[in-house]
Structure formats: structure tokens, C-alpha cells
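Take a moment with the sequence and the model below.

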Amino acid sequence: MVNTSNFPLVLDHIGMAVTDIDVATRMYEKLLLAKIIHDEVVTSQGVMVRFLSFADQKIELLQAINDDSPVAKFIAKRGPGIHHLAFKTSDIYEEMQRLRGKGFQILQDEPIKGAYNKLIFFIHPKSMGGTLVEVCQPLAT
Ligand code: CMX
């Protein structure tokens with residue numbers, strides 16, 4: 001068993017850009033016996049999201065709700081598929097500072113409220129070898 005406390009970030013979920021959230025849900029239900037654990041519309045990001053859970057893992061399905069949505073632009077350019085990797089931390093402010101110090105291009109000045117009661121920020125794909133990375137911290141409920 002790996003001791004995750006030795007690492008600043010661990011995988012939280014994989015974000016998938018989809019054109020039809022219900023069709024994608026049925027696909028992952030068939031593939032993984034995944035279950036829906038959360039549905040939310042994040043107006044500020046122009047997306048509706050659905051979290052699916054299987055074993056100890058999570059997938060976030062993202063469907064654009066308008067043409068300005070980053071997900072709509074992503075699909076128009078690249079088609080549906082893997083949109084981002086999300087890693088969680090126990091101190092998002094410290095992590096933002098650490099990653100800025102390492103030269104990553106952080107898209108937000110401060111963490112913002114993301115789906116499923118989390119604080120989040122993004123690292124630009126251009127400074128991550130072409131992959132959009134979300135860093136998140138679940139908030140206490
Ligand atoms: N993964 C990899 N590359 C991506 C990308 C992604 N998810 N999204 C955009 N890009 C690439 C584009 O393909 C493009 O590359 P080229 O220059 O080689 O063509 C480049 O980044 C610029 O893309 P763009 O369409 O011109 O878009 P913008 O520069 O306006 O925005 C980005 C790009 C990453 C800053 C923007 O998509 C963003 O802010 N993303 C973070 C927010 C987000 O995705 N929210 C939805 C998720 C919400 C949630 O999980 O709660």
C-alpha cells in the first residue's frame with residue numbers, strides 16, 4: 001500500500017468531455033458498473049457535470065451548456081474525450097504557491113468554487129505537456 005501522505009497530490013478524478021451526458025453515463029455503467037454519485041450545473045464554467053463512482057475511483061462527465069463553455073470549445077476543436085486530470089490536495093493555497101514556484105501556468109489568481117463542493121484551480125495545458133490539470137480540495141460539509 002502506497003502512503004499517499006508522502007505526496008502533495010493524488011488522483012481525484014478524470015474529466016471526460018461528452019456531447020450527451022446520459023449516453024456517456026450508460027457507457028460507463030456498462031463498462032465499469034459505475035454509479036451516479038453527483039449531478040450539478042456549474043454555470044460559471046458553462047457545464048453540467050456528473051460524477052460517476054466505481055471501486056475507489058471517480059469519473060467526471062462534462063457536457064457544455066453554452067457555446068462559450070471551455071468544454072464546447074474543446075469538443076469543437078478536438079472532439080469528445082479526456083478533458084482533464086484532477087488531483088486533490090489537503091491545502092490548495094499552499095499547493096497553488098508551490099506549483100507557481102515551479103513555473104506552472106496557473107489559470108486562476110485564487111482557488112475558485114468548483115463542482116461537488118470543492119475549491120479548484122487549473123494548470124494551463126501548455127505548461128503541462130498538453131494536458132489540462134485541475135487541482136482540487138474537497139470542502140468540509
Ligand atoms: N486539454 C488540453 N488542451 C486544451 C484543453 C484541454 N482541456 N482545452 C484547450 N486546450 C488547448 C486547445 O486545444 C488549444 O491548443 P492549440 O493552441 O494547440 O490549438 C489551446 O489549449 C487554447 O485553447 P482555446 O480553445 O483557444 O481556449 P482558451 O485559450 O480560450 O482556453 C483553457 C483554454 C485551458 C485556458 C480553458 O479551456 C480553461 O480555462 N479551462 C479550464 C476551465 C475548464 O475547463 N472548466 C470546465 C471544467 C469544470 C469543472 O471540472 O468543474
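What follows goes through the salt bridges, then the ligand and its surroundings.

Keep in mind that this is a predicted model. Start with charge. Side chains of opposite charge can pair when their charged atoms come close. The structure holds six such salt bridges.

Begin at D12. Its side chain meets that of K88 in a salt bridge, at 3.9 Å from N to O. K88 has 32% relative accessibility and is partly exposed.

D12 has another partner. The side chain of K118 also forms a salt bridge with D12, at 3.7 Å from N to O. K118 belongs to strand 7, residues 118-123, and D12 to strand 1, so this pair ties together parts that are 106 residues apart in sequence. K118 is buried, with a relative accessible area of 4%. The links go further. D12, K58, K88 and K118 are joined in a network of salt bridges.

Now move to R50 and D22. Their side chains meet in a salt bridge at 3.0 Å, N to O. R50 lies in strand 3, residues 47-54, and D22 in helix 1, residues 21-32, so the pair connects parts that are 28 residues apart in sequence. R50 is buried, at 11% relative accessible area. D22 is partly exposed, at 39%.

Next comes the ligand. Where does the ligand sit? The space it takes is the largest pocket. There are 18 residues around the ligand, and Q45, R78, H83, K126 and G130 come nearest. Which elements build the shell around the ligand? Strand 4 (57-64), helix 2 (70-78), strand 5 and strand 8 (132-138) each supply at least two residues. Helix 2 gives the largest share, five residues.

Look at the polar atoms. A side-chain N or O atom of Q45 is 2.6 Å from a nitrogen atom of the ligand. For R78, a side-chain N or O atom is 3.0 Å from a ligand oxygen. E134 places a polar side-chain atom 3.3 Å from an oxygen atom of the ligand. How much of the ligand is covered? Taken alone, the ligand exposes 960 Å², and the protein buries 74% of that.

How values were computed. Residues numbered from 1 in each chain as written. Predicted model: local features only at pLDDT ≥ 70, side-chain atom pairs only at ≥ 80, totals over all residues. Heavy atoms only, no water. Salt bridge = Lys/Arg side-chain N within 4 Å of Asp/Glu carboxyl O. Buried < 20%, exposed > 50% of the residue type's maximum accessible area, 1.4 Å probe, protein only. Helix = DSSP H or I, 4+ residues; strand = E, 2+ residues; numbered from the N terminus. Near = heavy atom within 4 Å. Polar contact = N/O pair within 3.5 Å; in protein donor to acceptor, adjacent residues only side chain to side chain. Areas by Shrake-Rupley, 256 points an atom, 1.4 Å probe, with all protein chains shown as cover. 1 Å grid on protein atoms, 1.4 Å probe; cavity = no way out; pocket = protein on both sides within 12 Å on 5 of 7 lines; lining within 4 Å. Sits in = over half its atoms within 2 Å of the grid points.
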